[in-house]
Amino acid sequence: MSLNKQTNLDAVISIINEKLDAGGTVIFTPNGTSMLPMLRDGKDVVMLKKPEGRLHLFDIPLYKRENGTYVLHRVIGFDKDGSYILCGDNQFVKEKGINDSMIIAVLTGFERKGKSYSTKSFSYRLYVIFWYCTRFFRHVFRSVKYRMGVKRKNRKRTVTE
């Protein structure tokens, strides 16, 4: 019997923090498309634990923004003040000013279709390096594709006599 129930993280954050503080692992299904293609909206399961010290480049923390939303994004850099620069794999806008007090947990692995993937595995690290190194080219490609799509839509809307 499955007890899966969709809930808001605010409703269970105290339980999550308690489990993490006791050295446990938290498992849930994230929602959203910002981490595509690695994490699929409502389909994959993530495993999180309390971070041990500062985060490293390419770690994926669960953090709470100042506006109260919870986010899983990848560390892609560090600011001079020591804060993190984060960005979703499916996004190009960098989020700056994320500090350690905002970090709740860090991704240790995920599960897709019953198969587990560890953030320490060779295939995961290869994916991360490839995805990060192609970021600029993916951004250019997406911009060109978007602009071409906008031009096509505008052409279809014009009525010729």
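Reader: By class, what residues does the lining of the largest cavity have?
Author: The lining has 5 nonpolar, 2 polar and 4 charged residues. Ala, Val, Leu, Ile, Met, Phe, Trp, Tyr, Cys and Pro count as nonpolar, Asp, Glu, Lys and Arg as charged, and the others, Gly among them, as polar.

Reader: What should I know about the model and the numbering?
Author: It is a predicted model, where local features need pLDDT of at least 70, side-chain atom pairs count only at pLDDT 80 or more, and totals for chains, interfaces and linings use all residues. Residues are numbered from 1 along each chain as its sequence is written, and side-chain values use heavy atoms, with hydrogens and water left out.

Reader: Back to the cavity. Which residues line it?
Author: The lining of the largest cavity is made up of Arg74, Ile76, Cys87, Gly88, Asp89, Gln91, Val128, Trp131, Tyr132, Arg135 and Arg138. Two or more of the lining residues come from each of S5, H2 and helix H3 (135–157). H2 gives the most, with 3 residues. Helices (H or I, at least four residues) and strands (E, at least two) are DSSP runs, numbered from the N terminus.

Reader: How many cavities of 30 Å³ or more are there?
Author: The structure holds 1, and about 90 Å³ of space lies in the largest cavity. On a 1 Å grid over the protein atoms alone, a cavity is a set of points where a 1.4 Å probe fits but cannot get out; a pocket is an open set with protein on both sides within 12 Å along at least five of seven lines; lining residues have an atom within 4 Å of a point. Points are joined across faces, edges and corners, and a volume is the space filled by probe spheres set on them.

Reader: Pockets, then. What is the volume of the second largest pocket?
Author: About 480 Å³. The pocket is lined by 21 residues, and His56, Asp59, Leu107, Thr119 and Lys120 lie nearest its centre. By class, that lining has 10 nonpolar, 4 polar and 7 charged residues.

Reader: Which element supplies the largest share of that lining?
Author: H2, with 4 residues. Strand S8 (103–112) and helix H2 (122–133) each supply at least two.

Reader: Changing topic: what is the strand order in the open sheet?
Author: The order is S5-S6-S7, with antiparallel pairing. Strand S5 (74–78) and strand S7 (95–98) are the edge strands, each pairing on one side only. Two strands pair if DSSP finds at least two bridges between them.

Reader: How many bridges for S5 and S6?
Author: S5 and strand S6 (residues 84–87) pair over 4 bridges, and Phe78 has Tyr84 in S6 as its bridge partner.

Reader: Gly82 sits where?
Author: In the loop between S5 and S6. Gly82 counts as partly exposed because its relative accessibility is 26%; buried means under 20% relative accessible area, exposed over 50%, partly exposed in between (1.4 Å probe, protein chains only).

Reader: What does S2 pair with?
Author: Strand S2 (residues 45–49) is joined to strand S1 (residues 26–28) by 3 bridges and to S8 by 5 bridges, with S2 and S8 antiparallel.
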